[in-house]
Amino acid sequence: QVQLVESGGGSVQAGGSLKLSCAASRYIDSTCGMGWYRQPPGKERESVSIIRSDGSTSYADSVKGRFTISQDNTKNTLYLQMNSLKTEDTAVYYCAADFRTHCGVSLFFSYWGQGTQVTVSS
């Protein structure tokens, strides 16, 4: 069973930065892709950023230019650098992974971490 463990969340003032990490219990260099999602208080979970096996990335419009997704295959770890944080970034952040052997056109995230809380105050 694959485990994903997020860390790096916390409380920060608006304009500040945080870097989230997601450590996987298996090699991530062969994933179809990995991603970060978040669930703000009282709202649905939403996609924040995706990184695919070819290295391509995508971001939600709300975080473009402020967040950067990356991965270190030597550490089996996914990262999310979050700069210029806003109060609306407050949420529980989850990492997810698609470890299928045969990747499809669309990613299918079947593995999820337990989440890490990010709170941005004004």
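**Figure 1. Surroundings of Asp89 in the predicted model.** In this predicted model, Asp89 touches Arg38, Arg66, Phe67, Ser84, Val118 and Val120, when residues up to four places away in sequence are not counted. Asp89 itself lies in the loop between E8 and E9, and with a relative accessible area of 0% Asp89 is classed as buried, since the limit for that class is under 20%.

Figure 2. At 41% relative accessibility, Ser84 counts as partly exposed, whereas Asp89 is buried, with a relative accessible area of 0%.

**Figure 3. Asn73 and Asn76 in the loop between E7 and E8.** The loop between E7 and E8 holds Asn76, and Asn73 has its place in the loop between E7 and E8 as well. For Asn76, phi is near 50°, a positive value in a residue other than glycine, and a relative accessibility of 14% places Asn76 in the buried class. Asn73, by contrast, is partly exposed, with a relative accessible area of 36%. When neighbours within four places in sequence are left aside, Asn73 is in contact with Ile28 and Asp29. From Asn73 to Ile51 the separation is 22 residues in sequence, and the C-alpha to C-alpha distance is 13 Å.

Figure 4. In soluble globular proteins, nonpolar side chains tend to be buried together.

**Figure 5. Contacts of Leu80.** Once its neighbours within four places in sequence are left aside, Leu80 is in contact with Leu18, Lys19, Leu20, Trp36, Val48, Ser49, Phe67, Thr68, Ile69 and Tyr93.

**Figure 6. The whole protein, as context for the close-up views.** The protein has zero helices and 11 strands, so that a reading along the sequence gives the pattern β-β-β-β-β-β-β-β-β-β-β. Its radius of gyration is 14 Å, close to the 14 Å that the globule rule gives for 122 residues, and the protein is therefore as compact as a globular protein of that length. Along the principal axes, the C-alpha atoms fill a box of roughly 45 × 25 × 25 Å. Of the 122 residues in the protein, 42% are buried, and among contacts with a separation of 6 or more, 56% come from residues 24 or more positions apart. The protein exposes about 6400 Å², of which carbon and sulfur atoms supply 46%. The mean positions of its 11 positive and 10 negative charges are 2 Å apart.

How values were computed: Residues are numbered from 1 along each chain as its sequence is written. This is a predicted model: local features need pLDDT of at least 70, side-chain atom pairs count only at pLDDT 80 or more; totals for chains, interfaces and linings use all residues. Side-chain values use heavy atoms; hydrogens and water are left out. Helices (H or I, at least four residues) and strands (E, at least two) are DSSP runs, numbered from the N terminus. The radius of gyration is taken over C-alpha atoms; the globule rule is 2.2 Å times the number of residues to the power 0.38. Buried means under 20% relative accessible area, exposed over 50%, partly exposed in between (1.4 Å probe, protein chains only). Contact means heavy atoms within 4.5 Å. Accessible areas come from the Shrake-Rupley method with a 1.4 Å probe; for residues, only the protein chains shown count as cover. Lys and Arg count as positive and Asp and Glu as negative; His and the chain ends are not counted. The place of a charge is taken as NZ of Lys, CZ of Arg, CG of Asp or CD of Glu.
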